[in-house]
Amino acid sequence: MSEQQITTIEPKVKWSKQKIGLLVLAAAFLIGTIFYQVAADKVKSAAEQSLLLRANEAVNGQILVGGINLSVLGYVEVKEVQVLDTAGKPLAKINRIHISYNWSDLLKGQLGPQMIKAVTVDKPEFWIAYQQNRSDWNDLLKTKTDEQANFSGLVKIQDGKLHLKTDFFEKTVDQLTGGIDFQENQIYLSATGKVDQAPFRLEGQWGTLGIAEITLSAEQMDLAKFGLTAADDPIQLTGGILDELTVKIGKDTASDAILLKTFSGRFSGVKTAGALELTQGSAQFTKQDNAIQFINGQALYQGQNVTAAGQVLTSPSGEKTLDFDIQMPAGDPAVLLSSLQAGGTLTAQGKVTGSVFSPVLSGNFTLGSLQFGNMIISGIDGTFSYTKQTLKLLNAKGVTLGGSVAANGEIYPDTQQYTLAISGSGLDTSQLTEKDVKGPLSLAGTATGSAAAATLQGSFTIYNGSAYGVSFRTLTGNFVKRGSAEAEVSNLAIVTDWGTFYPEQLNQAMTEKLRERNLPTTGAEIKEKVTEKLLEKLFR
C-alpha cells in the first residue's frame, strides 16, 4: 500500500452581524467604563475642590459630605451631607443630593454654581429654632462678594423633615415636599407637609433687594400633641384643636437678622385638667413683642360660661406669666358653690395673674343669697381670690334679719368644705331664736363644715333689749348652732341698771328668780323703783 499525503483544511470563521454587534458593544462598554471611571475621578476631584470648597467658604459653620459620585445619567450625587453651625450643632442633614450638569461641563471639570442645571434634595432634615427673638440660622451665611458666581435654578425637595422649635411649642413637619427657586438676589420658596397629619404649608421669598418674608401656615392641629404641658404640671392641656396657625418670619433691614413678624391663629375645643378645669375653650391670638395677646376668649368652667381677654408674657429667662381679665356674667351658685346653700345668680369679674403653672384668680363678685341654717343672707357682694383649688373670700358682706353680716375665709370646692370667719350687727334677735328675747344683736364667730352639716359658733351681744320681759342694757354670751337646730347658748351675762346677772339659761324661770329677789324686770318697774328711792332721800 502506497503512502498518501494528508492535507488538513482549516474551516473558515464566519462572522455574523449579531456577533459583530456584540463585539462592538462589549468594546464600547469597556471603553465607556474606562472613560466613565476616568471622568468620575475627575468629577469627584473637581467637586471636592469646587463645590465643597466653595460651599464651606460661604458659611460660618461647616459642611460635611460622606461621598461624591458621578451618575451615568449625567449628574453628581452627593451623599450624607451635614450642615453645622459654628458650635457644631446640626442645622441640616441630607441623605442625597442630585446635581445635574451638561456632560461637556462635567468633562471639563466646570462645576461652579452657575453651571448647575437642576438640583434634587432627597430626604433632607432641617432644624430651625427661634427662641428669645433669635434664630440659630442667624449669621450662617457669610456676606457674599460681587465676584462670587450665583446658582440660578430650581431645587426640588423630596420627603423631608422640618423640626421647628419656638418659645411656645416644638413640632416636626413630615413629608416635606416642594421647591426653592433661586433667582438673581431673590429666593422663592413653596413647600407642603404634615404636622401630626394636619396640613402644613410654607411659602414666601427671601432676598437682598426684594421682599424677605416667609409664611408658615397650618390647620386643624391637635393641641394635646404640642406638649405644651407635662403630666405633673398643676394644669394640663388635655384636648383642643388649633384651627389656624400663621407664622411669618422676616429679615431685619439693618442687621439681616431673622425676625418673627407674625404669630397668630385661633383655637377651639380646649380642655384642661388639674388646678383649673375648663371645657370648650376658644380664642384668637397674636404675638406682639414679648407677649401673646388673646381676644374673644370663652370657655366653660363647671358648665358656666366664662369670657376672657389678656396676654401671656415671656420674660428674658423664658418664664411665662399670665395677665387676663375674665368675667362670669351669670353663674349658677348651686354648681359653683355646692358646699354652700347658695341661691340666685353669681356674677364675677377679675384678673388671672401669675405663672401659667400656678395662676391666681382674684376679683369681685355678687351673689343672690346664702343660707346658714335658717339664716338667709341676701344681696351679697365682695372680693375673692382662687389659687391651688382653694377659693378665698377676702371680704364679703350682705344683709339679713334687719342687719348686716360679713365673712371671710376659705372654701374648698373639691371637698365641699369651708372655714369662714363671720361677723354681724343690727340683727333682729327675735328672728334668730324662738326664745322671748328682743333687741339688736351683734355677733362674731366662725362657720365651718359643709352645706349638709354646717356649724356656726362664736359670741354675741344684744343691746338695749329684753328677755322674757326683763329689760337690760346688754346681754352677752356664746353660741353654737348646728345645721337648722336651735342655737345653744352659754356663758350668759345680763347687764341691767341694777347690776349684772349670770343666768344659766334664758327662760321664764330666770325672770321669776329676779322677781323673787324683788328686782325690777321691766322699764316701768325700773322707773318706779328709781322714783321711790328719790322720794325716800327727799323726805327722809
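This is a predicted model: local features need pLDDT of at least 70, side-chain atom pairs count only at pLDDT 80 or more; totals for chains, interfaces and linings use all residues.

What is the mean pLDDT of the chain, and what share of its residues reach 70 or more?

Analyst: Residues are numbered from 1 along each chain as its sequence is written, and side-chain values use heavy atoms, with hydrogens and water left out.

On to your question. The mean pLDDT (the predictor's confidence in each residue, from 0 to 100) of the chain is 78, with 75% of residues at 70 or more. Strand E14 (residues 291-301) has the highest mean among the elements, 92, while helix H5 (residues 523-538) has the lowest, 45. Two stretches stay under 50: residues 28-38, with four contacts beyond four places in sequence, and residues 529-540, with three such contacts. Contact here means heavy atoms within 4.5 Å.

For the overall picture, the chain has five helices and 28 strands; these are DSSP runs numbered from the N terminus, helices being H or I with at least four residues and strands E with at least two. Of the 540 residues, 38% count as buried, meaning under 20% relative accessible area, where exposed is over 50% and partly exposed is in between (1.4 Å probe, protein chains only).

Now the rings. The structure holds seven aromatic pairs. Rings of Phe, Tyr and Trp (its six-membered ring) pair if their centres lie within 6.5 Å; planes under 30 degrees apart count as stacked, over 60 as edge-to-face and the rest as tilted. Take Phe263 and Phe285: their ring centres are 5.8 Å apart and the planes sit at 45°, so this pair is tilted. The pair links distant parts of the chain, since Phe263 belongs to strand E12 (residues 258-274) and Phe285 to strand E13 (residues 279-288), 22 residues apart. Phe263 is buried at 6% relative accessible area, and Phe285 also counts as buried, at 10%. Ring pairs extend the picture to a cluster of Phe263, Phe267, Phe285, Phe294 and Phe324.

Gln302 counts as partly exposed, at 35% relative accessibility. Leu401 has a positive phi too, near 50°, again in a residue other than glycine. Leu401 lies in the loop between strand E20 (390-400) and strand E21 (403-412), but this one is buried, at 16%.

What about nonpolar packing in general? In soluble globular proteins, nonpolar side chains tend to be buried together. Here the largest nonpolar core has 101 residues, and Phe200, Phe365 and Phe460 have the most contacts inside it. Such a core is a set of buried Ala, Val, Leu, Ile, Met, Phe, Trp, Tyr and Cys residues joined through side-chain atoms within 4.5 Å. Beyond its neighbours within four places in sequence, Phe460 is in contact with residues including Leu441, Leu443, Leu475, Phe479, Val489 and Leu492.
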